[in-house]
Amino acid sequence: MRQSLQQTLQEVQEAHPGNAGWLMSVRIPSAGLEFSGAVQAPGMESLDPRAPFRIASVTKTYMAAAILRLVEDDKLSLDDTVAAVVPAPYPELLHAGGYAPERMTMAQLLTHTSGLFDYAQSEDYLTTVLDAPEHVWTREEQVRFALEHGAPVGAPGERYAYSDTGYLLLGAVLEARTGWGLAQAYRSQLGFERLGLQATWLEKLEPPPANPVVLAPQAYDGLPLTRIDATADLFGGGGLVSNTTDLARWFQALFSGEVFTRASTLDTMSRVPSTNTEDGGGMGIFRLERADGSPCWLHEGFWGVAAMVCPDLDLGVAVAGMDATRMGTGANDLLRAAVKAGIDCRPAP
């Protein structure tokens, strides 16, 4: 099985030669399978399968889980409004931008149904970041950018519209309700050390692990991501650095009862509201049904990252391509290969 997965990596690289390389981890504990592999384009320096990288929006799964841990600890309610619990100056800024924060709830921020314009997916923001990649951003600056470059996309609770802006506000709530900075809030709320996540950290807001493996050479249309300041995607909707092993482990931990104190919390996280049935979005995680109707749960990141768990197959998988603009169907091909491995490893009835 490991040889087959490594061969698939090679085939994906050959099918998408514009990409500098791929990383992949597959975990099926019940079958004793733990695979981490790497492949690189001809002439490129060898990739270490353990190499960490920016996971971009896959961070939202961690943020959603951390907020739900606050709910478990009775420090927050999903019915709390933005006006009531998001610290200043954000409620006032939203009012000035034509929003009704007194009607937006934490649940709506988590499920992308708040009506907030998404600054991070706008062409204006991408152009601004690429024109000045060294610029150091703040959360408030990004919220203001959203208000200046887009209008509300709907009333709170009316429709699904993916929004990094909402996750910026969740980051502010997480800091305010824990009394910690974002990095320590993630670690303490989610138990990184307890879960054995040894290659996961919040870039720029905490030091990397001791003796880390060299960062993977991620790029955007040939521009090395190390040229783009981490604050461009840091304060709630992105910012974590991890590797494929930790990502696969984290997604499995979520669905094996290792993160939450109550089973009902995972039910809440994975419940898809009626507004989101087309996109399959729960709270910081998306449902994907296989051909037989069995669910897998995943999140993708803008820089070419995807992580997924298929609970019925005991499967966790994470993949990363080295150039987000030159991936083609490679990530999907690798995820499909992992699902096939899970099905092949499933005990016969």
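This is a predicted model: local features need pLDDT of at least 70, side-chain atom pairs count only at pLDDT 80 or more; totals for chains, interfaces and linings use all residues.
H1 covers residues 2–15 and H13 covers residues 330–345, and their axes come within 10 Å and cross at roughly 165°. Angles over 145 degrees count as roughly antiparallel, so that's what H1 and H13 are to each other.

Who's doing the touching? On the H1 side we have Leu 5, Thr 8, Leu 9 and Val 12, and on the H13 side Gly 330, Asp 333, Leu 334, Ala 337 and Ala 341. Sort the residues of that contact by class and you get 6 nonpolar, 2 polar and 1 charged.

Now compare that with another pair, H8 and H9. Helix H8, residues 164–178, packs against helix H9, residues 182–190, at an angle of about 75°, with the axes 9 Å apart. That makes H8 roughly perpendicular to H9. From H8, the contact uses Gly 171, Leu 174, Glu 175 and Thr 178, and from H9 it uses Leu 182, Ala 185, Tyr 186 and Gln 189. The class count here is 4 nonpolar, 3 polar and 1 charged.

In soluble globular proteins, nonpolar side chains tend to be buried together. Here, the largest nonpolar core has 86 residues, and Tyr 62, Tyr 186 and Trp 250 have the most contacts inside it. Which helix gives the most to this core? That's H2, residues 59–72, with 9 residues.

Let's zoom in on Tyr 62. Leaving out residues up to four places away in sequence, Tyr 62 touches Ile 55, Tyr 186, Leu 190, Phe 192, Leu 240, Leu 247 and Trp 250. There's also a second, separate core of 30 residues, and Met 24, Tyr 160, Ala 306 and Val 319 are among them.

Most residues other than glycine have a negative phi, and most peptide bonds are trans. Well, Ala 88 and Pro 89 are joined by a cis peptide bond, with omega about 10°. You'll find Pro 89 in the loop between helices H3 and H4.

Then there's His 112, not a glycine, yet with a positive phi of about 60°. His 112 sits in the loop between helices H5 and H6. Is His 112 buried or exposed? It's at 3% relative accessibility, so it counts as buried.

Lys 204 has a positive phi too, near 75°. Lys 204 is in the loop between strands S4 and S5, and at 46% relative accessibility it counts as partly exposed.

How values were computed. Residues are numbered from 1 along each chain as its sequence is written. Side-chain values use heavy atoms; hydrogens and water are left out. Axes are lines fitted to C-alpha atoms, for helices over the stretch in contact, and angles run from 0 to 180 degrees between N-to-C directions. Helices (H or I, at least four residues) and strands (E, at least two) are DSSP runs, numbered from the N terminus. Angles under 35 degrees count as roughly parallel, over 145 as roughly antiparallel, 65 to 115 as roughly perpendicular and the rest as oblique. Contact means heavy atoms within 4.5 Å. Ala, Val, Leu, Ile, Met, Phe, Trp, Tyr, Cys and Pro count as nonpolar, Asp, Glu, Lys and Arg as charged, and the others, Gly among them, as polar. A nonpolar core is a set of buried Ala, Val, Leu, Ile, Met, Phe, Trp, Tyr and Cys residues joined through side-chain atoms within 4.5 Å. Buried means under 20% relative accessible area, exposed over 50%, partly exposed in between (1.4 Å probe, protein chains only).
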